[in-house]
Structures are given as C-alpha cells and as structure tokens.
Amino acid sequence: EYGSLDGGYRVHSWVEWPTRFVEFQTYCTDNQGLTITDCSGWQLNGTFVESNIARRPNTKSVLQTTVDIVNNGSVTFESQVDCEYSYDRLSFIIDDEIIWIKNTLSSVRHTFSLTTGHHVLKWVYSKDASINYSYDRAMIYMIEVLGLSDSSDYCDYCPPGTTSQQHSVDCYDCPLNTYTNTFGSATCTPCGPDEYSFPGDTSCTPKLDCTPVDYQAHFSSCSTNHTRSQYYSWNEPKICKDVASVPLPPEEIGLPCAPCNPGQYRVGDDYLTCPSGQFSSLGAENGCTPCPSGTYAPKQLTLRRWDSFPNNTINTCEGQCG
C-alpha cells in the first residue's frame with residue numbers, strides 16, 4: 001500500500017501543490033518570453049494538472065521546478081497531449097535541452113536521466129496564433145524525481161489503480177480484472193463475473209455481449225500441397241459476455257495459401273527471392289522462370305501481399321497515435 005522511492009519523490013495527487021522535496025512555480029509568457037499577468041498558468045485538477053490556456057493564442061503556460069541531484073538521478077512523468085499537432089505542443093526542458101512531447105490518445109510515461117548537480121525542469125505548453133483543436137491542452141498525471149538523497153525517509157501512498165507489498169521501492173498496477181480506487185490500497189479488488197478491467201484501472205466496466213468484432217482469424221502453416229486452414233479465437237483479453245447467437249466460427253480447411261509477392265517463390269511457409277536472372281511476375285509456388293536470351297531481370301521490390309512487413313521495414317507513427 002506504500003512505496004519507498006529510495007531517495008526520490010513522486011507527485012501523483014494534484015489536489016494541492018506539493019511542498020515536500022519538490023516545489024512548483026507556474027506562470028504564462030507570450031512568444032517573446034514576457035510574463036502575462038492575467039494568466040495563472042497550469043491548474044490543479046485532482047488527478048492531474050493541466051496547461052489551462054485553451055483557445056488562448058500566442059501564449060505559453062510554464063510549469064517549473066528546480067532539483068538538486070546527489071546520485072543516480074532521473075525524472076519521470078506521465079502526460080497526455082491533445083492539441084493541434086506540431087503547431088501547438090508540450091515541450092519538456094531540462095536546463096537548456098528541449099524535448100518535444102508529442103500528441104497521444106492516452107497518457108504516456110517519459111523518463112530522462114539527470115546528472116549530479118542542480119537542474120531546472122520545465123513543462124511548457126505553447127499555443128500558436130491560430131486553430132484550436134480538441135481539448136487544446138496538456139495534462140500531467142504524475143511526476144517522479146529520483147536521486148534527491150541517498151536514502152528514503154518516508155513511505156508514500158500508492159495511487160489508485162496500483163498497490164504494493166511490504167518493503168517495496170515502487171507501486172505496481174492492479175492485475176487484469178482487478179482494481180482499486182483509493183490511495184494506499186494494500187489489495188486490489190476483483191471485478192464481478194460480468195465485468196472487466198485492464199491493468200491499472202480504478203474501476204470495473206460491464207461486459208457487453210460478444211459480437212464478431214470480438215474474435216479474430218488465424219491461419220495454419222502452409223502444407224506441401226499449398227493449402228492451409230483458417231481457425232478463430234477470441235481476442236485477448238476477452239472483455240465480452242458469451243451469447244449463444246455469436247459462437248466462434250468453425251475451422252475451414254483446404255484453403256489456398258497466401259500468394260507470394262512478385263519476384264518471390266514459396267517453399268513451405270517461407271517466401272524466397274528469385275535467384276539472379278530469374279523472375280516471377282505474380283509470385284510462384286515452386287520456383288521462378290529464367291529470363292530468355294536478349295533479356296535480363298532488374299532488381300526491384302513490388303509489394304502486393306501485406307500479411308507481414310518486408311525485411312528492414314520501419315513502422316512508426318506521429319500525431320495522435322494509440
């Protein structure tokens with residue numbers, strides 16, 4: 001129910017500003033850095049603190065603290081940004097280093113190392129001159145600074161959705177289908193049979209009847225005669241109630257294997273590249289065709305099958321990524 005941070009301090013309740021170990025200042029500036037007197041800066045909101053300058057153009061809302069790190073320091077915070085992507089933004093500043101904290105659909109945890117010595121930490125939400133989008137704000141749910149001292153002189157309450165055992169140095173999320181909605185809970189409460197929760201939840205959610213979107217299809221390995229089976233399973237974790245009208249579909253056998261991409265041929269479940277001087281315009285089952293005299297096979301990549309990403313592909317997301 002409590003956690004000792006081993007020389008650190010965590011803020012996860014935003015009913016009032018903390019005064020132990022870490023203190024915060026908040027204010028607003030214009031784009032030239034001049035203080036705006038009729039803007040109060042970040043605002044306490046119980047379980048989070050928010051930037052509080054929605055629909056206020058050409059304004060920056062600053063949350064600032066200073067820390068003195070004595071050993072193995074770091075700062076961790078959990079934030080969510082919902083605004084006009086790139087033009088309005090949350091920046092985290094460690095002394096003179098500026099880090100862009102990008103938009104997310106849910107809260108995301110960020111951790112940065114802190115060297116021994118004095119540091120100024122700032123969270124700056126910036127509004128440009130035009131366009132207001134969605135909630136138009138940044139929210140911070142938790143801030144943790146480690147390395148403030150060589151030992152811990154107190155135990156802190158674990159936040160809702162988490163718990164701990166004796167001698168813990170941190171809190172951990174309540175497991176799947178359990179919850180706690182209070183600070184300092186020693187146990188997590190199980191959900192009812194017709195309810196579910198995800199790890200770290202503070203309440204249970206009623207299960208809805210299962211529908212076809214609650215299961216997914218799988219394919220077996222490709223056989224030597226180039227056929228495969230398709231079977232189904234419930235999405236994990238299963239968060240719906242069984243109903244007689246929506247059973248899992250039966251297994252289908254003898255289905256053709258997925259075709260190769262052009263320039264490939266199949267050996268069992270493997271897709272191999274045609275040897276030099278050979279080609280396959282639609283993807284072949286057993287091999288590729290040699291180029292006749294007077295022609296050649298240029299090396300190129302053509303993708304028509306998207307069962308998986310090709311080798312050396314990097315898949316990233318910018319903007320409001322889930």
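# Reading strands, cores and disulfides

Author: Strand β22 (residues 227–234) and β24 pair in the antiparallel sense over three bridges. This is a predicted model: local features need pLDDT of at least 70, side-chain atom pairs count only at pLDDT 80 or more, and totals for chains, interfaces and linings use all residues. Residues are numbered from 1 along each chain as its sequence is written, and side-chain values use heavy atoms, without hydrogens or water.

Reader: What counts as a strand, and when do two strands pair?

Author: Strands are DSSP runs of E, at least two residues, numbered from the N terminus. Two of them pair if DSSP finds at least two bridges between them. Here, Thr 227 has Pro 256 in β24 as its bridge partner. Gln 230 is bridged to Glu 252 in β24, and Phe 219 stands opposite Gln 230.

Reader: In what order do the three strands of the open sheet run?

Author: The order is β21-β22-β24, with antiparallel pairing. β21 (215–219) and β24 (252–256) are the edge strands, each pairing on one side only. Between β21 and β22 there are five bridges.

Reader: How do I read a nonpolar core?

Author: Look for buried Ala, Val, Leu, Ile, Met, Phe, Trp, Tyr and Cys residues joined through side-chain atoms within 4.5 Å. Buried means under 20% relative accessible area, exposed over 50%, partly exposed in between (1.4 Å probe, protein chains only). The largest core has 33 residues, and Trp 42, Phe 92 and Trp 123 have the most contacts inside it. β12 (137–146) is among the elements that give it two or more residues. With four residues, β12 gives the most. A second, separate core has six residues, including Cys 210 and Trp 234.

Reader: How many disulfides are there?

Author: A disulfide is a pair of cysteine sulfur atoms within 2.5 Å. By this rule there are six. Take Cys 28 and Cys 39: their sulfur atoms are 2.0 Å apart. The torsion about their S-S bond is about -45°, so this disulfide is left-handed. Cys 28 lies in strand β3 (residues 25–29) and Cys 39 in the loop between β3 and β4 (43–44), so the pair ties together parts eleven residues apart in sequence. Cys 28 is buried at 0% relative accessibility. Cys 39 is buried at 10%.
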